[in-house]
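Visitor: I would like to learn how to read a few features of a structural model, taking them one at a time. Could you show me the general idea each time, and then the case at hand?

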Amino acid sequence: MEYNFKVIEEKWQKKWLEDKAYSVNEDNSKPKYYCLEMFPYPSGKLHMGHVRNYSIGDVVARFKSMQGYNVLHPMGWDSFGLPAENAAIAHGIHPDIWTTENIAEMGHQLRRLGLAYDWDREVATCKADYYKWTQAIFTKFHEKGLVYKKNAPVNWCPSCETVLANEQVVNGACERCDSTVNKKNLSQWYFKITDYAERLLQDIEKLDGWPDKVKLMQKNWIGKSIGAEINFKIDDSDKNLTVFTTRPDTIFGATFMVLAPEHPYVDELVAGTEYEKAVKEFQDKLQHLSEIERTATDVEKEGLFIGRYCVNPLNGELIPIYIANYVLMDYGTGAIMAVPAHDDRDFEFAKKYDIKVVPVVDPKDENIDINNLTSAFVAEGEMINSGEFNGLNNIEANTKIIDKVSEMGIGEKTVNYRLRDWLISRQRYWGTPIPVVTCDDCGEVCINEADLPVLLPTDVEFTGKGQSPLTTSESFKYAPCPKCGKKSHREMDTMDTFVDSSWYFLRYTDARNEKTMFDKQKAEYWMDVDQYIGGVEHAILHLLYARFFTKVLYDMELSPVDEPFKNLLTQGMVLKDGSKMSKSKGNVVSPDEIIKKYGADTARLFVLFAAPPERDLEWSDSGVEGSYRFLKRVWRLVDELMPYRKSGDYKVNSDDDKSLVFELNRAIKKITEDVGERFNFNTAISAIMELVNEAYKYKENAKDNLNGELINALLDHLVIVLAPFAPHFSEELWEMMGNKTSVHKVEWPSYDEKALIKQEVEIVLQINGKVKDKVFVPTSADKSEIESLALENEKIKALTDGKNIVKVIVIPSKLVNIVVK
Ligand SMILES: [Zn+2]
Ligand SMILES: [Zn+2]
């Protein structure tokens, strides 16, 4: 029989779906395992990155299930967002229809891959049965004081007359019409994630199952720094400038001050001076740049002197005040004391503008000329040029100087975080409506949970103009105030889609619940997520927000855990010709084509075999071809050996048997460890390939003496270990072999340690000191066993036939010398 993947894959996909083969319920008799891949945005087209992500998760889920775990493996859709709204503007399709069609199409593609999902738990964040609870979470956060409103700038395109998302602004210009984008202040909603900054930071320690690089990215994003706020008196003014510094020890080396151009003092300090005009121009120029564009390390430092000075509180020296692009208003106090000798950015700026460099920490290193630094010296050393602090180690001096400024009443120790509160307002239609009204009498009031969801209206126009399409809906504008019943204005902003994806893993534990967001007992059974798998591009925001939500819900006694993801795997990209697959590069390989040509099992096997999961994978047509050939080779092997099968336990009857038993056990051991402990799917597949080679060898070598029971065991195990990788293929062979239940419900095989004690050494067989042959003997064999093995050797037998054996000399692990006459 030929391997016909098309027929096989359709057959099993249909059956698994009909049988709800991968639907699960809580079962206290089994350990649970929650395997989760980051859910996709329903763009309508599955790409190879998805195929890779989901194939990895599917192997883990199927493997754990065969190991006896009750496995939750759900899938859903992160389905609010900009593309749907753009499609509405461009093609007049309502975002809901566009999204629903895409979900259908991508769901079909996922089913075509044979992924073991519990489709009964499918969620889509854009459906009211989901966003109702996103809104409920908002109101709970509001109640806890974790939500507030504040004016914040948005990107505004003056020609499109609309608010743009950051990703719609390209080099300061509107993506659609290329006009220069302005900033416009709007009142917007924030989540107070900074209240959780310290816990989010501390609990990174708990995340043993996360890659170190992701933990470091989280740490850096939170960006805790301990330092001091110090007041510098402004010369010729009664004002003090408060700076935040992480290096109070370097205060004697401060040779200039830098203010963020937006700092509220700037305009006042230059008013009516010759500097006013240049300062204004500089401020205007920076207005179009984002925080990231301004602070990227490769961006040239730029700034200008504003004509005023500060007084150094410790030595009375005058320090010139600058404004510069690299200081931001919302970090620290928006003002820094710049110490070029000991800070890279300050050094770069000082060199450019010819500002003096005063070293205050001496490395005591002959290789560094402290008075002629070529770069900032940022390590530890001994204090110099620092008055009473000279001679101290700078770490020690740091504390002393903080004490000193505290005593003087001009400063104090402070902790600062780089993490900002989370701006969740979007001036968009296709998002979760913020469930708030503004009442003339009561102010901002949240809609009562019992009255949720606040549904997205359908009487909306998508013109690409105006503040948000939502504002065009007549039906949506007003609602009675939940407190006093008076006609009130509805909130027109929707939520950032990151809000939707910050709790979906909890909803999966009880996805169909209509009474509450999830039942706590169910969540308690399934949480935390044992294995989370997704792209490293989500290493910061999504993971941080999900951790934040989990902690808040934990504090509200809703979530049973305070960290959502026990183990995290960030898979590499799929490359072709060395670069990421993308339409613009024209190097995209479509999963549909590959599946059509070779089948889903081949596609899965290839992406799992081509590279370890966390590494980038280089696409290779010949690699795909090779995976396909391998499956056909297995198919032929099973087909040819099946008639020889005998039931019952096997006995080892020959060296060929022995060697096959060894190879079989070695393969099972290696596959079990590679998949279960290391996720090295590529080497696990290699082990299966080797086993298949050995099986062919056995078939050839032992052809007259095939061991039917052993062949039975071999085929069973081969098909079982292939099941997580090539699920349809294995299921079909399993059925062909006469089994009535699914191969995916079979227990994962164990291996026989004893069969693995091959540990043989090669020894030399000599007759009268001349080498005649070499043989393998078990390392455990004693002298007399080795002697008899030597004498039974065919060659030795022939050569000693009829001769008188005088003596046998055995040197274990080395040689046997037979002395004959
Ligand atoms: Zn525009
Ligand atoms: Zn009211």
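Visitor: Which residues line the second largest cavity?

Guide: This is a predicted model, and in it the second largest cavity is lined by Arg52, Ile56, Val607, Leu608, Ala611, Pro612, Pro613 and Phe681.

Visitor: What can be said of the second largest pocket, and which residues are the closest to its centre?

Guide: A pocket, unlike a cavity, is an open set of points. The second largest pocket has a volume of about 630 Å³, and of the 21 residues that line it, Asp655, Lys658, Glu760, Phe776 and Pro778 are the closest to its centre. Helix H20 (655–676), strand E32 (770–778) and helix H24 (783–792) each supply at least two lining residues, with H20 giving the largest share, five residues. By residue class, the lining of this pocket holds eleven nonpolar, two polar and eight charged residues.

Visitor: Which residues coordinate the zinc ion (ligand 2), and why is the arrangement called tetrahedral?

Guide: The SG atoms of Cys439, Cys442, Cys481 and Cys484 coordinate the zinc ion (ligand 2) at 2.2 to 2.3 Å. The arrangement is tetrahedral because the four donor atoms subtend angles of 105 to 112° around the ion, and along the chain the donors follow the spacing C-x2-C-x38-C-x2-C. Cys442 lies in the loop between strand E21 (436–439) and strand E22 (443–446), while Cys484 lies in the loop between strand E23 (478–480) and strand E24 (487–490), so this pair ties together parts that are 42 residues apart in sequence. Cys442 is partly exposed at a relative accessible area of 28%, and Cys484 is also partly exposed, at 40%.

Visitor: How should I read a sheet, and which strands are the edge strands here?

Guide: Strands of a sheet pair through backbone hydrogen bonds, either parallel or antiparallel. In this model, three strands form an open sheet in the order E29-E28-E30, with mixed pairing. Strand E29 (579–580) and strand E30 (617–618) are the edge strands, each pairing on one side only. Strand E28 (residues 574–576) pairs with E29 in the antiparallel sense over two bridges, and Lys580 in E29 is the bridge partner of Leu575.

Conventions
Residues numbered from 1 in each chain as written. Chains lettered and ligands numbered in written order. Predicted model: local features only at pLDDT ≥ 70, side-chain atom pairs only at ≥ 80, totals over all residues. Heavy atoms only, no water. Donors = N, O, S within 2.8 Å, 3.2 Å for Na, K, Ca; no water. Tetrahedral: all angles 85-135°; square planar, octahedral: opposite > 155°, others 65-115°. Helix = DSSP H or I, 4+ residues; strand = E, 2+ residues; numbered from the N terminus. Buried < 20%, exposed > 50% of the residue type's maximum accessible area, 1.4 Å probe, protein only. 1 Å grid on protein atoms, 1.4 Å probe; cavity = no way out; pocket = protein on both sides within 12 Å on 5 of 7 lines; lining within 4 Å. Points joined across faces, edges and corners; volume = space filled by probe spheres on them. Nonpolar A, V, L, I, M, F, W, Y, C, P; charged D, E, K, R; others polar. Pairing = 2+ DSSP bridges.
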